[in-house]
Amino acid sequence: MVPNLSPQNLASVEIGKNFMLKHGYIQNDFDVQKWAAPEFLEQAARELLVEQWKKTTTSKLPKTAATLASGNRLG
């Protein structure tokens, strides 16, 4: 799953925000459109892609090499 700021996703966030506001889980209302900063989602997407790439590439390595790639020491 890669996060994005599609209108459908923002509408879902708005619904969740309104529910939490109505039931007292949050105290202050806010504009979801202004709150959803794209740079944070872009960073999260990059991190997911890097993690996926590491899993894909290290899964092809022999077990010893995969251990070294993870930063763990042999022992």
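**View 1. Lys17 is a buried residue of the predicted model.** Lys17 has a relative accessible area of 3% and therefore counts as buried (under 20% relative accessible area; exposed is over 50%, partly exposed in between, with a 1.4 Å probe and protein chains only). Lys17 is found in helix α1 (helices are DSSP runs of H or I of at least four residues, strands runs of E of at least two, numbered from the N terminus). Leaving out residues up to four places away in sequence, Lys17 touches Ile26, Asp29, Phe30 and Val32 (contact means heavy atoms within 4.5 Å).

**View 2. Val13, Phe30 and Trp35 make a nonpolar surface patch.** The patch covers about 280 Å² (accessible areas come from the Shrake-Rupley method with a 1.4 Å probe, and for residues only the protein chains shown count as cover). Patch residues have over 30% relative accessible area and no salt bridge; like charges are joined within 9 Å, and nonpolar side chains (Val, Leu, Ile, Met, Phe, Trp, Tyr) within 5 Å. A salt bridge is a side-chain nitrogen of Lys or Arg within 4 Å of a carboxyl oxygen of Asp or Glu. Val13 lies in helix α1, residues 7-22, and counts as partly exposed because its relative accessibility is 33%.

**View 3. The protein has four helices and zero strands.** Of its 75 residues, 8% count as buried. Its accessible surface comes to about 6,600 Å², and 58% of this belongs to carbon and sulfur atoms.

Residues are numbered from 1 along each chain as its sequence is written, and side-chain values use heavy atoms, without hydrogens and water. The model is predicted: local features need pLDDT of at least 70, side-chain atom pairs count only at pLDDT 80 or more, and totals for chains, interfaces and linings use all residues.
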